[in-house]
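Hi,

Here is the structure I promised to pass on to you. Have a look at it first, and then read my notes below.

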Amino acid sequence: MRKLFYRTNSEVVNLLRLNVVNMSGFCKIQPFLLSPYAVTQDLYYSITKESPFSFKGDLKPAENVSWNDAIQFCNQLSLKTGLNEYYSISPDGKEVTINF
């Protein structure tokens, strides 16, 4: 398993800004699956049975979802489609690992 860093949004933005400004470093990305469609509120609710949305509408994009909620959604969607869970979240929610 590979451990991911867990940062606040502002820390991630600052790290990305520094990387773009300095144009330094390389990141090797493993192959992954990406849906060509946005996650709608209807899809999110059908997987999680939760509806945290501010702007209601089945075909509207899912919004108002935390990073950890998004990870849990992805894991549940993977299981429903016959794939393995890709992420693991520590009990305190501060560490995320990738399950290669």
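Where is lysine 49 found? Lysine 49 sits in the loop between α2 (41-48) and α3 (67-80); helices here are DSSP runs of H or I with at least four residues, strands are runs of E with at least two, and both are numbered from the N terminus.

A word on the source: this is a predicted model, where local features need pLDDT of at least 70 and side-chain atom pairs count only at pLDDT 80 or more, while totals for chains, interfaces and linings use all residues. Residues are numbered from 1 along each chain as its sequence is written, and side-chain values use heavy atoms, with hydrogens and water left out.

Most residues other than glycine have a negative phi. Lysine 49, which follows α2, has a positive phi near 60°. Asparagine 64, in the loop between α2 and α3, has a positive phi of about 65° although it is not a glycine.

Lysine 49 is exposed, with a relative accessible area of 56%, and asparagine 64 is exposed at 52% (exposed is over 50%, buried under 20%, partly exposed in between, with a 1.4 Å probe and protein chains only).

In α2, Gln41, Tyr44, Ile47 and Thr48 are buried. They lie on the same side of α2 because they cover an arc of only 135° around the axis, taken from the directions from the helix axis to the C-beta atoms. The buried residues of α2 pack against α3, with contact meaning heavy atoms within 4.5 Å.

Enjoy exploring!
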